[in-house]
Amino acid sequence: MGTDGQRDAKQLHCLVAGASGYIGGRLVPELLEARHRVRCLARSPAKLRDHPWAGDAETVQGDVTDADSVAGAMRGIDVAYYLVHALGSGSRFEETDRRAAQIFAEQAHAAGVRRIVYLGGLTPRGVPESSLSPHLRSRAEVGQIFLDGAVSATVLRAAVVIGSGSASFEMLRYLTERLPVMVTPSWVHTRTQPIGVRDVLRYLVGSATMPDDVDRAFDIGGPDVLTYREMMRGYATVAGLRRRLIVPVPVLTPRLSSHWVGLVTPVPASIARPLTESLRHEVVCHEHDIAQYVPDLPGRPLPFGKALSLALRRVREAQVATRWSSASVPGAPSDPLPTDPDWAGGSLYKDERHLSVDVSPQELWKVIEGIGGDNGWYSLPLAWAVRGWLDRFIGGVGLRRGRRDAELLRVGDSLDFWRVEEIERGQLLRLRAEMRLPGLAWLEMYAGTDDEGRTCYRQRALFHPRGLLGHAYWWSVAPFHAPVFGGMARNITQAAAKGMSARGTASRPDGTRRLRIVRRMRR
């Protein structure tokens with residue numbers, strides 16, 4: 001069955017723009033379960049290929065800011081879902097959001113699309129638009145663009161979304177778990193109306209089959225209206241923690257609050273700021289008209305405590321389908337990996353390590369795929385931690401994003417301050433850096449065999465500098481490569497060898513047979 005038993009007899013052809021994001025990645029399987037056909041519009045289709053539903057959905061390459069690619073994606077579509085936001089994408093993100101929404105609306109009309117469905121933010125009533133945060137104002141504008149367009153639109157407006165892996169849930173979770181005594185901003189006393197992600201998905205799926213004459217916005221929320229303080233104490237109760245002492249301090253501005261959240265939680269300041277800004281004003285539902293078209297079910301929408309319990313269970317069982325970090329970090333590089341030796345894009349610095357190890361390639365691969373998150377990076381934990389702290393200090397994502405799954409990775413996953421760019425299962429893991437750097441960086445790890453049939457571990461760190469600062473950066477950190485990257489290679493192979501030893505297979509004490517180091521620069 002689909003989302004809570006929803007199923008419509010009529011099969012629709014649905015386009016999902018934003019399928020690599022937190023909501024989009026969960027909506028696609030729900031639409032498929034409801035027996036709709038699904039086409040995903042993605043800038044990088046490879047990011048979707050490892051999702052369990054990838055084989056059942058069509059994926060086309062394109063960008064919502066490119067009219068031609070949107071036009072192609074719209075052909076034959078009945079319902080188009082717009083789940084894209086230029087969150088944190090620089091000072092001109094409002095213009096980008098506006099242009100993308102206009103293109104989407106125009107191309108939907110040209111293609112004869114029956115309905116556009118958009119998930120936006122719940123806005124406070126009676127507050128002048130000029131007083132809203134830029135991100136909340138932009139989301140409201142995007143919704144209005146769709147409502148003013150020629151295609152019937154359903155605009156769903158939600159406040160705080162509670163679900164495993166959502167940015168709002170992660171912020172609430174880490175603030176409550178890590179700080180038994182909290183000095184908090186005044187917005188902890190602001191009322192909001194959280195909603196469980198399961199109900200958001202139920203409303204999104206149900207919107208596809210609304211009558212053609214429905215062209216309006218709907219407020220969606222759970223049954224509880226709570227202050228953020230009450231939400232934190234509610235989380236402590238559900239998680240079995242001691243009661244939290246919360247002391248509000250009125251001098252903390254949204255900007256300062258976002259940095260405070262960035263220090264304590266995995267959510268970087270660039271993402272935390274729009275979340276905290278949205279909490280300055282009371283955001284509660286003023287109608288529940290959505291129930292006329294997507295009827296309430298027994299016990300639904302979920303109460304806040306139940307939504308929290310379900311999210312926590314998913315986290316503890318490592319069953320998190322998507323995370324807030326599933327979408328690429330704004331401003332992160334998306335250029336293709338420079339191929340060598342025929343790459344002609346300027347300087348390319350490399351650090352290469354080769355090790356033979358007395359284990360099978362499969363055992364070595366298990367260690368490679370398990371890297372990062374709670375498993376760490378197999379060399380100088382303090383050095384990695386300091387690099388993560390420095391990255392967060394200058395507005396980057398830092399190390400605290402962790403992993404979506406403790407054992408398995410898929411293309412597009414965030415992995416601390418890296419993102420999985422490529423996986424050849426059992427052979428290659430390629431990571432692209434999303435930390436703040438004066439250039440582009442990748443880390444590759446291979447499991448294979450050498451000419452003599454021995455298992456071989458290969459590791460490459462690549463850096464394409466940007467300007468003089470990029471070159472200076474490489475040479476300033478070069479002295480640390482031997483202990484960091486060399487130690488990483490040795491410890492990965494040792495971990496694989498110890499795994500074999502635990503099953504009774506003999507190996508050398510250090511798990512290695514040979515080490516060859518190559519460090520060079522290519523121009």
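How many residues does helix H4 have, and how far does helix H4 reach from its first C-alpha to its last? In this predicted model, local features need pLDDT of at least 70 and side-chain atom pairs count only at pLDDT 80 or more, whereas totals for chains, interfaces and linings use all residues. Residues are numbered from 1 along each chain as its sequence is written, and side-chain values use heavy atoms, with hydrogens and water left out.

Helix H4 (residues 134-148) has 15 residues and reaches 21 Å between those two atoms, close to the 21 Å expected at 1.5 Å a residue. The expected span of a helix is 1.5 Å times one less than its number of residues. Helices (H or I, at least four residues) and strands (E, at least two) are DSSP runs, numbered from the N terminus. Among the buried residues of H4 are His 135, Leu 136, Val 142 and Phe 146. Here buried means under 20% relative accessible area, exposed means over 50%, and partly exposed lies in between (1.4 Å probe, protein chains only).

Helix H10 can be read in a similar manner. The 13 residues of H10 should span 18 Å at 1.5 Å a residue, and the end C-alpha atoms of H10 are 18 Å apart, which agrees. Phe 304, Ala 307, Leu 308, Leu 310, Ala 311 and Leu 312 are the buried residues of H10. Their cover includes helix H5 (167-178), helix H6 (197-207) and helix H7 (228-238), together with strands S7 (161-162), S10 (195-196) and S12 (226-227); contact means heavy atoms within 4.5 Å.

The loop between helix H9 (269-277) and helix H10 (304-316) holds Pro 301. The peptide bond that leads from Arg 300 to Pro 301 is cis, with omega near 0°.

Two further loops contain residues with positive phi. Arg 35, in the loop between helix H1 (24-33) and strand S2 (37-42), has a phi near 70°, a positive value in a residue other than glycine. Arg 35 is exposed because its relative accessible area is 54%. Tyr 378, in the loop between helix H11 (361-369) and H12, has a positive phi of about 65° although it is not a glycine. With 22% relative accessibility, Tyr 378 counts as partly exposed.

Helix H12 (residues 381-393) includes Leu 390, which is partly exposed, with a relative accessible area of 47%.
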